[in-house]
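Please look through the sequence and the model below before reading on. The report that follows takes up one part at a time.

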Amino acid sequence: MDTLAVALVIPLRGPAGIFGPSCELCARLAADEINARSGLLGRELVFRVVDGGRPPREVADEVDRLITAGEVQAVTGWHISAVRQAVAPRIAGRVPYLYTPLYEGGEHTPWVFLTGETPGRQLRPALRWMAEELGVRRWTVVGDDYVWPRESARAARRYVRQARGQIVDEVYVRLGTEDFGAALTRIAQGRGEGVLMLLVGQDAVAFNRAFAAAGLDRDHVRFSPLMDENMLMATGAASTRGLYSAAGFFEGLGTAGSLDLGGRYHARFGPDAPVLNSMGESCFEGVLLLGELLNRAGELDLRSIGRIAEGLVYEGPRGTMRMRGRHLEQAVFLAEAEGMDFRVLQQL
């Protein structure tokens, strides 16, 4: 069987490197299952792993080189928005690009298809729930200093106002920060009741530990749209009190799709595999969507893919997925940390 190669762009270093192992295994599980059903367009799906944890320009250079050399026929994976903004224009309409993370919204490049949550479907209902159920209306934003946190905070200002609240302070730190002393001081001295965490991977882990050590978890809640089970484990049970998250997938979601994926994942990779999480599952989703698009289009041509993409519906681990404007519409769930696990509270 001939092969169809996909550049799998995932972080293998840096603050997001904590997600890399689960991202790679979930993508490989999807490929295994597709190949067991005759592959994509009758070809075996294989990956070229690209380290998306490097500076964005370096990642874009490698992806460009692979496409130009004809070594890959598509691009997918979990990587931060700064990397996506560098990679997308370099693809220049030559291959489909399946971008899997939650992100800030607003991406309309014709060859980019997006599987992740956006602020309107994730932040807006979560912040409304926090106001109505917990009475939290005054927020401090703590985020990494790049496009996703900045643009998400801009959207959050509107959503908080709609819930008759306000964002009282915003603090941005360099990606890869470990010392949050100045941010914690501002939180302690400020008027916020909740902290909106827009921090990536290991940055969020360091913040959570310092936040709890400073005793701020006694009278502040935390909400993060980017918090998974791996991060809870790294944070430690003593530092997760009052921590909430929202996502399209949690390992403990309990739906038929999530339970089925969990069973297949651990059967394939064993009980000691990296924790199945929303970031890894998003990579499974990206490969699954690529398969749906190519097999329905019947070819790799982007015009053909674009024609069949709008309104595409399929069933996956997150339930029923529908494509609108090259974004997947999906259910989003709110969860509360209980030690090192998430307890799903409700669908938002």
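## The seven-stranded sheet

In what order do the seven strands of the open sheet stand? In this predicted model, the order is β7-β6-β8-β9-β10-β14-β15, and the pairing is mixed. The edges are taken by β7 (166-173) and β15 (341-347), each of which has a single partner strand, so one side of each is left without a neighbour in the sheet. On average, and with direction ignored, neighbouring strands of this sheet are turned by 25 degrees against each other.

Two helices lie across parts of the sheet. Helix α4 (residues 119-134) lies across β6 (138-144), β8 (194-198), β9, β10, β14 and β15, and runs at about 145 degrees to β10. Helix α7 (residues 202-213) lies across β6, β8, β9 and β10, and its direction is at about 155 degrees to β8.

## Strand β14 and its two partners

Strand β14 (residues 333-338) is antiparallel to strand β10 (residues 243-247), and four bridges join the two. Within this pairing, Ala246 stands opposite Leu334, while Ala247 stands opposite Phe333. Towards β15, β14 is again in an antiparallel arrangement, here with six bridges, and Ala335 stands opposite Val344. The two strands β14 and β15 form a hairpin with two residues between them, and Gly339 in the turn has a positive phi of about 65 degrees.

Is β14 largely enclosed or largely open? Five of its six residues are buried, so β14 is largely enclosed by the rest of the structure.

Ser224 belongs to strand β9 (residues 221-224), and with a relative accessible area of 0% it is buried, because buried here means under 20%. A polar atom of the Ser224 side chain lies 3.0 Å from the backbone nitrogen of Leu226. Leaving aside residues up to four places away in sequence, Ser224 touches Met197, Tyr244, Ser245 and Ala246.

With residues up to four places away again left aside, Phe223 touches a list of residues that includes Met197, Tyr244, Ser245 and Ala246, and also Leu123, Trp139 and Leu334. Phe223 is named, with Trp78, Trp139 and Phe207, among the residues with the most contacts inside the largest nonpolar core, which has 123 residues. Helix α10 (residues 278-297) gives the most to this core, with 10 residues. In soluble globular proteins, nonpolar side chains tend to be buried together.

## Helix α2

How far apart should the ends of a helix such as α2 be, at 1.5 Å a residue? The 13 residues of α2 (residues 56-68) should span 18 Å, and the end C-alpha atoms are 18 Å apart, which agrees with that expectation.

The buried residues of α2 are Val59, Ala60, Glu62, Val63, Asp64, Leu66 and Ile67, and they pack against β1 (3-10), β2 (44-51), β3 (74-77) and α3 (81-91). Just after α2, Gly70 takes a positive phi of about 75 degrees.

## The hairpin of β11 and β12

Strand β11 (residues 313-316) and strand β12 (residues 319-324) pair in the antiparallel sense over four bridges, and a hairpin of two residues joins them. The bridge partner of Val313 in β12 is Arg322.

In a regular strand the side chains alternate between the two faces of the sheet.

How values were computed: Residues numbered from 1 in each chain as written. Predicted model: local features only at pLDDT ≥ 70, side-chain atom pairs only at ≥ 80, totals over all residues. Heavy atoms only, no water. Pairing = 2+ DSSP bridges. Core = buried A, V, L, I, M, F, W, Y, C linked by side-chain atoms within 4.5 Å. Buried < 20%, exposed > 50% of the residue type's maximum accessible area, 1.4 Å probe, protein only. Contact = heavy atoms within 4.5 Å. Expected span 1.5 Å × (residues − 1). Polar contact = N/O pair within 3.5 Å; in protein donor to acceptor, adjacent residues only side chain to side chain. Axes fitted to C-alpha atoms, helices over the stretch in contact; angles between N-to-C directions.
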